[in-house]
Amino acid sequence: FTSYVGLPPLYTVMALEMVSLSAYMAAFLSLTYMGGGLSKYKWLSIAIPIAVYFVSVPIVTVATLYPSLFWLVYLTPSALGEYISSYLLTNVPVFGLGQGVPISIPSVSLPLSIASSVLWVVIPLLIGYFAFKKEDI
């Protein structure tokens, strides 16, 4: 199918988007776990990941507007999603802006994106685990 039409099968695109969503949700859940372990208030366990989301969206926006600050993308939980989005925009013709239209998308590194996403999951999980263990829950 790819050799005849030039497009990847739809399931490949959907699988890439599911990987991106899964990584983002895993980071959200680990931040929720960390918030529950660190605070005595239930509302704070959900407020921490929501606050991180509302802080990370402007960071990604600033990073995409100013290419010199693009390294800020790796400080957000959506780094893997940014890599997948840039991959789809540059390598899949149906998502691109068309033939001959110059687009300037800073390249996102796959190893750094994976490392960033893994750290956004592992570090809050460890903090939450040790906080729950300290409280003996």
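Colleague: Which residues does alanine 79 touch, not counting residues up to four places away in sequence?

Modeller: The model is predicted: local features need pLDDT of at least 70, side-chain atom pairs count only at pLDDT 80 or more, and totals for chains, interfaces and linings use all residues. Residues are numbered from 1 along each chain as its sequence is written, and side-chain values use heavy atoms, with hydrogens and water left out. Contact means heavy atoms within 4.5 Å. With those neighbours set aside, the partners of alanine 79 are Val73, Tyr74, Val108, Ser113 and Ser116.

Colleague: In what order do the elements of the protein chain run from the N terminus?

Modeller: Helices (H or I, at least four residues) and strands (E, at least two) are DSSP runs, numbered from the N terminus. The protein chain holds 5 helices and 0 strands. The order is α-α-α-α-α.

Colleague: What share of the contacts with a separation of 6 or more comes from residues 24 or more positions apart?

Modeller: The protein chain has 137 residues, and 29% of these are buried. For contacts in the chain with a separation of 6 or more, the share from residues 24 or more positions apart is 62%.

Colleague: Are helices α2 and α5 roughly parallel or roughly antiparallel to each other?

Modeller: Axes are lines fitted to C-alpha atoms, for helices over the stretch in contact, and angles run from 0 to 180 degrees between N-to-C directions. The axes of α2 (residues 10–38) and α5 (residues 110–135) come within 8 Å and cross at roughly 20°. Angles under 35 degrees count as roughly parallel, over 145 as roughly antiparallel, 65 to 115 as roughly perpendicular and the rest as oblique. Helices α2 and α5 are therefore roughly parallel.

Colleague: Is the crossing of α2 and α3 left-handed or right-handed?

Modeller: The axes of α2 and α3 (residues 42–65) are 7 Å apart at an angle of about 135°, and the two helices are therefore oblique to each other. A crossing is left-handed if the near helix is turned anticlockwise from the far one by less than a right angle, and right-handed if clockwise. The crossing of α2 and α5 is left-handed. That of α2 and α3 is right-handed.

Colleague: Which residues does isoleucine 48 contact, leaving aside its neighbours within four places in sequence?

Modeller: Isoleucine 48 is found in helix α3 and counts as partly exposed at 22% relative accessibility. Its C-alpha atom is separated by 9.9 Å from that of tyrosine 33, 15 residues apart along the chain. Beyond the excluded neighbours, isoleucine 48 is in contact with Leu31, Met34 and Gly35.

Colleague: Is serine 78 buried or exposed?

Modeller: Serine 78 lies in the loop between α3 and α4 (79–91). Leaving aside neighbours within four places in sequence, serine 78 is in contact with Tyr24 and Val60. With a relative accessible area of 18%, serine 78 is buried.

Colleague: How far apart in space are methionine 25 and serine 78, C-alpha to C-alpha?

Modeller: Methionine 25 has its place in helix α2 and is partly exposed, with a relative accessible area of 40%. Methionine 25 and serine 78 are 53 residues apart in sequence, and their C-alpha separation is 9.6 Å.

Colleague: Which residues does threonine 64 touch, not counting residues up to four places away in sequence?

Modeller: Threonine 64 is found in helix α3 and counts as partly exposed at 39% relative accessibility. The residues it touches are Phe70 and Glu82.

Conventions:
Buried means under 20% relative accessible area, exposed over 50%, partly exposed in between (1.4 Å probe, protein chains only).
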